[in-house]
Amino acid sequence: MLLLTGLCNSSYVTFGQHNIYITSSISLCADWDLPSLQPTMPALSPTMEEGNIVKWLKKEGEAVAAGDALCEIETDKAVVTMESNDDGVLAKILMEEGSRAVRLGTLIALMVEEGEDWKTVEIPPQVAAAGTPAPQSPVAPSLPAAPAAPTPPSPRAASTGLLRLSPAARHILDTHGLDPQLATPTGHRGIITKEDALNLLKKFPDSKMAPVQSAPAQRPMATAAPLPPGSRPMYPPQSIPGKPGAPGTFSEIPASNVRRVIAQRLTQSKTTIPHAYASVDCNLGAVIQLRKEMAKAEIKVSVNDFIIKAAAATLRELPEVNVTWSEEGPQTLDSISISIAVATEKGLITPIITNAADKGVQEISANAKALAQKARDGKLLPHEYQGGSFSISNLGMFGITGFSAVINPPQACILAVGTSRAVLHLTKETGALCTQQLMTVTLSSDGRLVDDELASRFLDKFRANLEWPQRMALA
């Protein structure tokens, strides 16, 4: 039987209640039979290349109906529930909970038709070989009668009399009881890296099989000469085996899919987009007064809701800012959808308020609260964070006066919002001093799409909309 796990052309298909982006990769496995139901790792976003299995919601032997939730998958954006397209019985879970970096199209489970014996299902050998991660320690090879001479230490390591190990390499060698002097350092300045330790482990999978090399106990360990006053220490500092936590050591932190994608997107943005910045101060007096009047009618909205509405109204007045950059060049967008930056435990994500220019402040407030809560719970659906034409990042609640945000490609602009502050102002009419609540906003714009003159006009109209909220209804 032939199993096709990809499509020849990129397209969207319906997966449960979601639209799923199918990549153009093709994977064919032949010469064996599979059941008719094979849940594979789906592409839940255009940028997704792999996913993590967070939790299985069905157990082996449990009946599954079309539309039932099978498992939770961590994508490059959020945790999404995968639903079944068919009726059947979950026969075998191939990717257990906690499986990481599962490539698209990889078989994650086996299902059988109702009435079939799910206990007798067999895992195809090709799937088992492809889906099972390679073990860290291969099977111990049979040693020849005369063991080979151990690899001599690196000349650089021997010259100093001290071994230089990375923390990961030290952990591997200490765990398996291997002599660090048997490893061949390949790192910078004679450091034994994690790969060097793994290569040594492949040679001696069983620590008892590793020949014991007599350590130069009689040779006194070289002592570094004291540094002259004002000089810098050698970098990187030497790592002494058996002394974890010494100065200069570190612990590796596994990066989640979300963190990796954030790193890629930020690097792409700062290296490929010519950022330009412009700032303006906005008087929030009218917004604060309007909020008080709405609170009397038990309508609770935030200043950020007015900012979202003002940005959307300004984009309607200046549609040349509501653009994105593609490989073919600028593209004007028909809808105005505002992406709002939300901080979660896994990193920033930007849920989208669609058609924000057509919504009132109260509806925007309700949408923003619901999306922010779903983002923090990791339950955003793909269409709730993909797309968008303009981004807003607000750090005013943290007391930040002003900052510059990084553009979220392929969008053209992002607005960075600071906190409000009381400022004494001299009125022109009476010459008296009055207090104004000013807020600084900074527009980061793509110089290929929005030049300085257009950015200045945008900020001028945005300030007018925010300082005169009634104007937004007329825009």
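User: Let's start with Gly190. Where is Gly190 found in terms of helices and strands?

Analyst: Happy to begin there. Gly190 sits in the loop between helix H3 (167-176) and strand S13 (191-192). Keep in mind as we go that this is a predicted model.

User: Is Gly190 buried or exposed?

Analyst: The general idea is to compare the relative accessible area with a cut-off: under 20% means buried, and over 50% means exposed. Gly190 has a relative accessible area of 3%, so Gly190 is buried.

User: How far apart are Gly190 and Leu165, in sequence and in space?

Analyst: They are 25 residues apart in sequence, and their C-alpha atoms are 8.7 Å apart in space.

User: Which domain does UniProt list for residues 164-201?

Analyst: An unreviewed UniProt entry lists that span as "domain: Peripheral subunit-binding (PSBD)". Such an annotation may be inferred rather than shown by experiment. In the model, residues 164-201 are 47% helix and 11% strand, and the end C-alpha atoms lie 18 Å apart.

User: Now salt bridges. How many does the structure hold?

Analyst: The general idea is a distance test: a side-chain nitrogen of Lys or Arg within 4 Å of a carboxyl oxygen of Asp or Glu. The structure holds 14 salt bridges. One of them joins the side chains of Glu50 and Arg260, at 3.3 Å from N to O.

User: Which parts of the chain does that pair tie together?

Analyst: Glu50 lies in strand S5 (residues 50-56) and Arg260 in helix H5 (residues 257-272), so the pair ties together parts that are 210 residues apart in sequence. The two ends have their own accessibility classes: Glu50 is buried, with a relative accessible area of 19%, while Arg260 is partly exposed at 30%.

User: Where do Asp281 and Arg421 lie, and how far apart in sequence are the parts they tie together?

Analyst: The side chains of Asp281 and Arg421 meet in a salt bridge, with an N to O distance of 3.4 Å. Asp281 belongs to strand S14 (residues 275-283) and Arg421 to strand S22, so this pair ties together parts 140 residues apart in sequence. Asp281 is partly exposed at 33% relative accessible area, and Arg421 is partly exposed at 26%.

User: What about Glu320: with which residue does it form a salt bridge?

Analyst: Its partner is Arg457, and the closest N and O atoms are 3.6 Å apart. Glu320 is in the loop between helix H7 (303-317) and strand S15 (323-326), whereas Arg457 is in helix H9 (residues 452-467); the pair links distant parts of the chain, 137 residues apart. Glu320 is partly exposed at 34%, and Arg457 is partly exposed at 32%.

Methods. Residues numbered from 1 in each chain as written. Predicted model: local features only at pLDDT ≥ 70, side-chain atom pairs only at ≥ 80, totals over all residues. Heavy atoms only, no water. Helix = DSSP H or I, 4+ residues; strand = E, 2+ residues; numbered from the N terminus. Buried < 20%, exposed > 50% of the residue type's maximum accessible area, 1.4 Å probe, protein only.
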